[in-house]
Amino acid sequence: MIQFDADPSHTVRSASWHQQSLFAHYRGTQSLPVTNSEGDFNPLFWGATLDEDLNVVYLKVINTLGTSVPLTVNIPQPYHSVNGTILTGADLNSYNYIYNQTEVVPKPLNLTNAPSTYGGNASFQWSVPRYSLTVLQFDL
């Protein structure tokens, strides 16, 4: 997951390393049940956790398809903001190497969707970018 040699400037963190780092940073304190009203997994895969100390919900979403996939997230309580971090490359053959160490690195998402609430539940709509791993943070 980390490539290196005698020159410290040649140290390269792989996309897998960045994925492990994201999952470790946004881990939550308890898992949350997630249901899918549209069917089964594929091309989207997901998991959600709650961090009780920070009062946030983390939703990790992976899109394995070569096109964006629309997603609607319903949370059983209102949230006041959402932000995200995405890990993706230009194409499936993208990878980090000595002379291009930042080909596949986490980047902040520019999310402009305002929370919408209906009867105490909150809803968030978004298109999950192609070939991506995204962590969304909902601040409750």
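A: Start with the elements: helices (H or I, at least four residues) and strands (E, at least two) are DSSP runs, numbered from the N terminus. This is a predicted model, where local features need pLDDT of at least 70, side-chain atom pairs count only at pLDDT 80 or more, and totals for chains, interfaces and linings use all residues. Residues are numbered from 1 along each chain as its sequence is written, and side-chain values use heavy atoms, without hydrogens and water.

Q: Which residues does the cis peptide bond join?

A: Most residues other than glycine have a negative phi, and most peptide bonds are trans. Here a cis bond joins Asn 42 and Pro 43, with omega at about 10°. Pro 43 sits in the loop between β3 (30-32) and β4 (44-51). Asn 42 lies in that loop between β3 and β4 too. Asn 42 is not a glycine, yet its phi is positive, about 90°.

Q: Is Asn 42 buried or exposed?

A: Buried means under 20% relative accessible area, exposed over 50%, partly exposed in between (1.4 Å probe, protein chains only). Asn 42 is exposed, at 54%. Asn 55, in the loop between β4 and β5 (56-63), also has a positive phi, about 60°. Asn 55 is partly exposed, at 37% relative accessibility.

Q: Which residues touch the most other members of the largest nonpolar core?

A: A nonpolar core is a set of buried Ala, Val, Leu, Ile, Met, Phe, Trp, Tyr and Cys residues joined through side-chain atoms within 4.5 Å. The largest has 20 residues, and Tyr 79, Phe 124, Leu 136 and Phe 138 touch the most other members. A second, separate core has eight residues, including Tyr 26 and Val 135.
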